[in-house]
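Dear colleague,

I am passing on the structure below, together with notes on what turned up when I went through it. Please read the notes with the coordinates open beside you.

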Amino acid sequence: MIELPRRPRLRTRKGGHVDRDRSLTFRFDGRAYQGHPGDTLASALLAAGVRIVGRSFKYHRPRGIYTAGPEEPNALAGIGTGARATPNSKVTTVELHDGLVARSQNRWPSLALDLMCVNSALSRFLPAGFYYKTFMWPAAFWEKVYEPAIRRAAGLGRASALPDPDHYEACHAHCDVLVVGSGVAGLAAARAAGEAGARVILAEQDFLAGGGLLCEPGQEAWRQEALAALAALPNVTTTLRTTVFGYYEQNMLGALERVADHLPVPPAHQPRQRYWTIRAGEVVLATGADERLIAFPGNDRPGVMLAGAARTYARRFGVLAGSRAVLFANNDEAYGTLAALAEAGAERVTVVDPRPLGPAAAAARRQGFEVLAGHEVTGGHGGRGIYSVEARAIGSAGAFQIDADLLCVSGGYGPAIQLASQSRTAMRWDDRIAAFVPGDAPGQRSAGGARGCFGIAAAARDGLAAGQAAASAAGFAAKAAFALPEGDDPDATVAPFWEVRARGKSFVDLQHDVTTADIRLAHREGYRHIEHAKRYTTHAMATDQGKTGGLVGAAVLAEARGETVAVVGMPTYRPYVSPVTWGAVAGHHRGRAFAPIRRTMLHDWHARRGAEFMEAGLWLRPAFYARPGEAPWDAILREGRAVRQAVGICDVSTLGKIDVQGSDAATFLDRLYTNTFSTLPVGKARYGLMLREDGMVMDDGTTSRLAPDHFFVTTTTANAGRVMEHMEFHAQTVWPELDVQFASVTDQWASMSVAGPEARRTLAKVIAGLDISDAGLPFMGVADATLAGCPVRVFRISFSGELAFEVATPAGYALAVWEAILAAGAEFGIEPYGVEALGLLRIEKGHVAGAELNGQTTMRDVGLGKMAKKGDFVGKVLAGRPGLTDPARPRLVGVRAVDRERQIRPGAHLVEPGSDRSLGWITSVTRSVEPGGWIGLAMLSGDADRHGQRLVAAFPLMNEAVEVEISSPHFVDPENARVRS
Amino acid sequence: MHRIDCPWCGPRDEAEFAYRGDATVRRPAHDAGIDAFYDYVYTRANPRGWHTEWWHHAGGCRQFVKVVRHTMTHEIAGTGKAGDSLPVPAE
């Protein structure tokens, strides 16, 4: 009988923090596997013997699980299905749940057979900066050919295109002391600060508190006791599954709490995630340390793993990542992996240590491990999983093979300084551990591994001290200390060892496929500064932010520069420390809740009337009121015709309204507007134009004088907020000596424009207490009255060019006044009209609006140059600059399609027939009532000289060229007789 | 994110404020000429260090608050009302 090789048992029988009594079923690339509660997707995959979990970004090299935490560069997968599919999840942080579905990424057609790995064969043609160099021209080729091809070949997972079914919360928290990380230092710090009486938040990104303690069975009792002590303190909040991702000014930190990512679907009424904004008095960064890789050929093969990760899988998850292991390490801490692997059932572990034989190596030998001191690993073989490790004595050329299925790598540990770096805390190079160590900053201290205090006992002492110091700084006296873990910590001294110089690809950034050769190339091409080399090679710019290889890349650059890493430095880290979903950033600000909606007092009436609404800033305004079966343009023209021929009524409540009072109110307005308001009689309105200080038109509107020291200013709908701020700035900071007060009253008044030849007869039926004949209320007159028993203020102003009255009433009376006017106008054929007809009417009249007053036009440009008064006003001086007074500047004209029904478009350029030189452009267009056909307003060089000329309105985007006739912008009643009738 | 001590409302989150630039420039007299107005509108020192600037408490009392802020560290040395003269720390 043939004996088949026994498949090694990968899950230990006991120990760790997994519940072996219960099983969870999950799928990876369609295949079903089993894991246990307490597993991450990574530990469950390793326990199932899965070695390749993804393909790399650029070369499509097969990759396995490299770490056991959020520093993972390789093992990214898509989690979930349908609308809940989340790409680029680190499988090392994905908590296993029953029914979890995961897919590998960046492979086509399958993980085992990836046709895109041809990139790897072509890699000598794909160096750093390749895309910059190769695809510079022709530009059109970039868009159509290169970019789509690159996008298909490179890149990682794909996001779901379906609407996100979950919701996300934005929350704020305040505390005296925020402790980031719940390793031994964080637990000690939080307990010390909590027992002193401070309000403490302890944030841990993992789903179990303890950090490195989870791999220390001997300290489990201490961990349990610390957690119980924290739970008993009402002033301490411990929040798990919460990643502090950003450190902003004045001790404001951002954190993402994954409320329901470990469940198939969020529970009822629960968000998927919470986006926390935390304001902390004092911050203790107990973020621990990240283990560094060593650059050597093939250091990215499946089966290569950081030594600490292999230990974590063995001790915390009871998973043996490989049974014939090689440990390649330059530090004593990594030797702890030997016992962990042996206890988990490894057949053999061979140590390759570049240092001369030291005490840790000697001790390992005594325990029976083979130790190759003064050796280095020069390669790993096995595309689908390591089967052999190549090593040599340092300085010799003769490499030999070690049979192995796991290669554990450790280049030492570096404090996890991402948050401290974000807050711009000064960093100091520590030769002993060959790493950057953060100092303290106001309100901030790092503790434990995060500042280079390695080892459980040392970190615990440091955490306790930091917690007491933070509480004391926040005003809380320290209480008696509690017992801390004791024992001998491994010697943390590291002999820097960054790279093995041998042939082949040695990676410093596994996620972005950056090799040591890429860093040297960047240096040769002049990118000597670390920030430049980083951007040129994209080193440490992936979602792992180079937590495992960032410093190694800096060391390679330092060597190329002939300087030390301390001099070269590290790039400044930016938020986010770990990726944050867009959903959490957006929170509830999506869909209808993206921004507030403002509705006028007449909104419901408009809706009942069948209005089609459009957005105007935050406002919803009726665009037009289509009758059943009526096409939009038919409705708009019908409404416009009603105003020109009978009477119409329009809700203009959205216009900005500012009540200005004070003995210097007139002076104030004189200085802000181009025209004079101090000469305006009480009871009269005047059109006003406001400039920015740079001389461009900012806004226009009418201002009425209600009393010698009381004005009522209106602004356009779009600029109401800006005009208010402009007034506040000048009143408070430029002319604080003026006696003037003002307040926005936009929401207090509803206003409606009643316009058309029958406007007076309509209003006369319902208005009381005011003679609205031309003698009683002449053009630009303002007076109070009552209408349907409601108080109203009547302004005889017109935007349409017809006889018109604007009726304003305190907002609560809006509907009564509106309906009374409609009833009165019924016999004349009154029609409510919307924003589209309003636009039609003002274009026919040649009135400028937002499309013309776009911040790039002067008074002269829009034909209002005569409104500039002699005295001072904001914008006067700079409006006189030569470039702004150049007679060749395009100025306002009217355009009309020669073929009346040919549509013209805003944005079309005006050219002479046969020419492609733009003379100007069309700003606003409409189909018209009075001249008929398509008309518009335009900005045109040579304006009045060209009246009567024919030009072509070219719109190349739609391949259109329409012949137009240039005219005065005033298509209707240029003598302005109707408004005075 | 800054926390700005509004002299009217007390400490408030930066989200309530809108930045309005250098608070040391003064609007010239109306007859000072184009160059003076050009400097007033466009020419800024862009210091690396302490900067006295306007923050409009747009989401609060709508007052312009004068703030002395360090452009590298974002430290705020003091805040005041529009008319206040605030000491600027030595570098």
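In which loop of chain A is His269(A) found? Before the answer, please keep in mind that this is a predicted model. His269(A) lies in the loop that runs between strand S12 (252-258) and strand S13 (273-285) of chain A, and although this residue is not a glycine, its phi is positive, at about 65°.

Helix H5 (residues 184-195) and helix H6 (residues 220-232) of chain A pack at an angle of about 35°, with their axes 10 Å apart, and H5(A) passes H6(A) in a left-handed crossing. On the H5(A) side the contact is made by Val184(A), Leu187(A), Ala188(A), Ala190(A) and Arg191(A), while H6(A) brings Trp222(A), Arg223(A), Glu225(A), Ala226(A), Leu227(A), Ala229(A) and Leu230(A). Sorted by class, the contact of H5(A) with H6(A) holds nine nonpolar and three charged residues, and no polar ones.

The axes of helix H12 (residues 516-524) and helix H13 (residues 530-537) of chain A come within 10 Å and cross at roughly 120°, and H12(A) and H13(A) are therefore oblique to each other. The crossing in which H12(A) passes H13(A) is right-handed. Here Asp518(A), Ile519(A) and Ala522(A) of H12(A) meet Ala533(A), Tyr536(A) and Thr537(A) of H13(A), and the residues of this contact divide into four nonpolar, one polar and one charged.

For helix H21 (residues 759-766) and helix H22 (residues 814-825) of chain A, the axes come within 8 Å and cross at roughly 120°, so that H21(A) and H22(A) are likewise oblique to each other. H21(A) passes H22(A) in a right-handed crossing. The contact is formed by Thr762(A), Leu763(A), Lys765(A) and Val766(A) from H21(A), together with Ala820(A), Ile821(A), Ala823(A), Ala824(A) and Gly825(A) from H22(A); by class, the residues of the contact of H21(A) with H22(A) are six nonpolar, two polar and one charged.

Turning to charged pairs, how many salt bridges does a search of the whole structure find? Over all chains the search gives 60 salt bridges. One of them joins Asp300(A) to Arg63(A), with the closest N and O atoms 2.9 Å apart. This pair links distant parts of the chain, since Asp300(A) is in the loop between strand S14 (289-291) and strand S15 (304-306) of chain A, whereas Arg63(A) is in strand S4 (residues 62-63) of chain A, and the two are 237 residues apart.

The secondary structure of chain B consists of one helix and six strands, which follow the pattern β-β-β-α-β-β-β when read along the sequence, and its C-alpha trace spans about 40 × 30 × 20 Å along its principal axes. The contact between the chains takes 22 residues from chain B and 24 residues from chain A. The area buried between chain B and chain A is about 2300 Å², with 52% of it coming from carbon and sulfur atoms. Between chain B and chain A the count is five salt bridges, and the side chains of Arg27(B) and Glu693(A) meet in a salt bridge at 2.5 Å, N to O.

Key: Residues numbered from 1 in each chain as written. Chains lettered and ligands numbered in written order. Predicted model: local features only at pLDDT ≥ 70, side-chain atom pairs only at ≥ 80, totals over all residues. Heavy atoms only, no water. Axes fitted to C-alpha atoms, helices over the stretch in contact; angles between N-to-C directions. Helix = DSSP H or I, 4+ residues; strand = E, 2+ residues; numbered from the N terminus. Parallel < 35°, antiparallel > 145°, perpendicular 65-115°, else oblique. Left-handed = near helix turned anticlockwise from the far one by under 90°. Contact = heavy atoms within 4.5 Å. Nonpolar A, V, L, I, M, F, W, Y, C, P; charged D, E, K, R; others polar. Buried area = accessible area lost by both parts, 1.4 Å probe. Salt bridge = Lys/Arg side-chain N within 4 Å of Asp/Glu carboxyl O.
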